Structure formats: C-alpha cells, structure tokens
Amino acid sequence: MEIIRGFFAICIGVSLLLYNSSNVVGRYHFHKPKNKSSNNIGSPVSPPPDDTPDPQNPIAPSSPSNPPSIPSDPYPNDPGNTSSGCIFNVMDYGAVGDGSTDDTDAFRQAWKEACGVESGVILAPSGHSFMITSTIFTGPCKPGLVFQVDGYLMPPDGPDCWPEKDSTKQWLVFYRLDGMTFTGKGTIEGNGEKWWDLPCKPHRGPNGSTSKGPCDSPALIRFFMSSNLAVSGLRIQNSPQFHMKFDGCEGVLIEKLSISSPKLSPNTDGIHIENTKAVGIYDSSISNGDDCISIGTGCSNVDIDGLTCGPSHGISIGSLGVHNSQACVRNITVRNSVIKESDNGLRIKTWQGGTGCVSDINFENIQMENVRNCMNIDQYYCLSKACLNETSAVYVTGVTYRNIKGTYDVRTPPIHFACSDTVACTDIILSEVELLPEEGELMDDPFCWNAYGTQETVTIPPINCLREGQPESQGEVSSVGC
C-alpha cells in the first residue's frame, strides 16, 4: 500500500524530540564539556562551499580536479513538509526491520522528509534490525536535523551480498550538512568479518603475504564536507574498514561512543580525521585492529579527553608526507586517557620526502598498560623495503609528553624518536615520564636520532639521547601553507 509522504510523521514539541533530551548535543552552539581544553572545539562555523568533490568518488584535496556542479537544494522541486519538530519513524515508510529485508528506500524517504523541516528526527526504533545498502544522505537540510538509531543498523553481509552498483569504499555517507546530530542508544553493526577474510588482506595470504584480487572494503560511516556535527551515544562495531571518518569537516563534537572490532581485524581504525578542524572527542572507548584515532593532514585544533584505547595500534598522527606531499597538522591535545594492550601508544609517523609541519602537540596524563612503543616519532615510515632515502621531511616541532606513566611491552623500547637526518625534531618536552616493564626487570634504553628537546624531570627509563638546545644547522623546512 503506497504510503502518502509525511502522513505518518509524528509531530511533537521541540522539548520531546528525543527519548532523552539530556542526550541531545546542541546543534549550533556546542557546549564543550567542563575541564576540557580550550581549543575552540565545536564553535559554529560556516557551511562548506558548494563547489565540492563528489562523495562517491572522493579526490584528495591536494589533487587537481574538476568537481561536478552540486545543486544547492537536493530536492528543488519538492514542496516538502513545512512543519517543524517532527519524528520520521522509518517503520512508517515501509521499513521491515527484520535484519534481512532491504530497508534502504524507507530510510531515504524518511531522510527526504526530515531534511525539509526544522528539527526533524529520522528514527530507527529499538527492537528492530535494519539492513540498508550503501547510501549518501545529502544536504543542505533545515536546521537541527537528528539521525537517531535506537535499534540495529547494518550493511549487507559481506562482499558477496554487496550490490554491484554500489561503491565498495563506503557505506553511510553524510554529505554537505550543517548542524546535524547522529545519536541514539542503538548499534551500528558493520558485518565486517567476510571483508577481513578477503585473500588480499595481510593476514590471509600464504606465509603472511597478500594475494591478488579485489581488496576495497567500505568505511562504515563517513562525514564529508560538513560542519557543526555532533555524534554521541552509539555503539559502532565490526566495520569492514574504518569505523568512522571525517574529511573536509569543521566543528565536530564526539561523545560517549563505543567502537569495537577484533584485535586482528585489518585497517579498522576507530575514528579517522583528515582536513578537519575544531574536533572534540570525549569520554569514549575504542578497541580495534588498527589506530584508535588516526589524524591525517589538514587537521588542527583537535582535543581528545577521557579516551580508553585498546587493544589497538594506539593514537596516531599520520602517516604524513606520502609521495612527497605536503602535510600540515597543528594544535592536537590528548589528555586524561588510557592506552592498553596496544602495539603503539602515542605515535607520530611521516614518510621521507614529504614537506610541511607537525606542531603544538600535547600528550598529558596518559596511562599505559602493557603497550609497545609507548612514545614514538618515526620519520622513516615505510610499508615496504623499497623506500629510498630522501633529504626533505615533514618538520616535527613542539611535542610535549607530560605525566605519561604505566607499563610497556619489553619487546621494543618504550621511547623511540627517529627523526630525519636533515630536518631534526625540535622542542620536544618530557616531564614526569615513568614507564616500567610489564614483566621482568628489563628496561630497554630509549632510542633517539636527531631529536632535540628538554627534560623537565628525570625520566624512567633514563633518556640520555635527547639533545639539548637547537640543531646547529637545519635542512630545508618547508611549512608554506601550514
């Protein structure tokens, strides 16, 4: 039976928009949690310009492109629903919610209706499991849009069930939105296991090698060219690849998320940000098969507080400067967090031959629990043995480690600062660093190469390789545009 659009929308007052108004994060004036860093996180920003790349076929910002023309209104001929404060329950648009029926059309119709009203809420209710295919939810929309998942939401189960016409690089994309909230008490289930087991994955090939064949795996959730976003309360798990990506965004507030996948699931970064500014990530838990949080080029004013990370590959800035590219990252703070049972702790990684700058990085009040490479700057990052020595490098300066304590895995030294031969790392500050072996009495000596800085207190284990002052000569430092 054909459903008349908007007939089943349940309109209520703004005070009753969600199941619990205390869980709603302000859409325009994000309120930074108390005692957080003052990095201007969540300040309202202007929406992105109209001349933006196609989200289905993303192009790196540094690459020349001729982006297609994007209409300013996704539904220019639709009179829409002029009411406000409405809940658009996907069940009223034909969703079945049995975990196997394709409910994509119901979500698209609910989005279309909610996008056209102020404070519209797309609701995926509890007690149901919704399967939808790869979808781009496009703006601009009216102010105050909320996407609320209280049930289960999932993609098709593996590559064999993935529609041939759909992109295998991403599942849910939120594009050109301003002031949207993504929240709920529910679970985003990635159904990633069959993607992890593709023969091309590192752990699947013979003798640890990879095999030829299709290897694209979709990122689960992607926010692209959007601003003033809030994400809270959800459980996100078992992504085929990255769980959540933000690129080309400004003004992002993330709170009380739970992200998880198995320790050996490949490339399942928890939260990845690139070309994104003014980000706050608070009071969340991430365990996965790659970085808990990875920060790419073009990011600034990022504040991370109250994170529990691991098992994982830790928190990473980079990799940066691949293919001799320029990379710019500044004003990143990680504090009051725990990293446990992880292959890396706090890592900055850059490729040889890159340019640009990483600056004003602050790690403070971090507890390590059996972590390899607790504090790691690696300017010789390479995924093969074929990387050549290069004279240029991304300049790393102004990195502070304060009150970093706990235990390390004795298989590798807990502190490793491998800086470029020609572009030294400068202004590294160490204060109250106390790292003890998880087992045994072995305390491996830290490693430093061309690293300059200051020890404000005695470090455990002792670090005698950090040079004082500044280098007498510094290679070409290219930070133009940073």
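How many residues does α1 have, and what distance does α1 reach from its first C-alpha to its last? The helix α1 has 12 residues and reaches 16 Å, close to the 16 Å expected at 1.5 Å a residue; the expected span of a helix is defined as 1.5 Å times one less than its number of residues. Helices (H or I, at least four residues) and strands (E, at least two) are DSSP runs, numbered from the N terminus.

The model is predicted: local features need pLDDT of at least 70, side-chain atom pairs count only at pLDDT 80 or more, and totals for chains, interfaces and linings use all residues. Residues are numbered from 1 along each chain as its sequence is written, and side-chain values use heavy atoms, with hydrogens and water left out.

Several residues of α1 are buried, among them Phe107, Ala110 and Trp111. Here buried means under 20% relative accessible area, exposed means over 50%, and partly exposed lies in between (1.4 Å probe, protein chains only).

By definition, rings of Phe, Tyr and Trp (its six-membered ring) pair if their centres lie within 6.5 Å; planes under 30 degrees apart count as stacked, over 60 as edge-to-face and the rest as tilted. The pair links distant parts of the chain, with Trp111 in helix α1 (residues 104–115) and Phe147 in strand β7 (residues 146–149), 36 residues apart. Both Trp111 and Phe147 are buried.

A second pair, Phe223 and Phe246, is stacked, with 5.0 Å from centre to centre and 5° between the planes. Because Phe223 lies in strand β12 (residues 219–224) and Phe246 in strand β15 (residues 244–247), the pair ties together parts that are 23 residues apart in sequence. Phe223 is buried, with a relative accessible area of 1%, and Phe246 also counts as buried at 1% relative accessibility. Leaving aside residues up to four places away in sequence, Phe246 touches residues including Phe223, Leu229, Val231 and Ile271; contact means heavy atoms within 4.5 Å.

In soluble globular proteins, nonpolar side chains tend to be buried together.

The backbone also deserves attention. Most residues other than glycine have a negative phi, and most peptide bonds are trans. The peptide bond from Gly139 to Pro140, however, is cis, with omega near 5°, and Pro140 is found in the loop between β6 (135–138) and β7. Another cis peptide bond joins Gly318 and Ser319, with omega about 10°; Ser319 lies in strand β24 (residues 315–320).

His323 is not a glycine, yet has a positive phi of about 55°. His323 lies in the loop between β24 and β25 (326–340) and is exposed, with a relative accessible area of 74%. Asn450 likewise has a positive phi of about 55° without being a glycine. Asn450 is placed in the loop between β32 (447–449) and β33 (451–455), but Asn450 is buried, with a relative accessible area of 13%.
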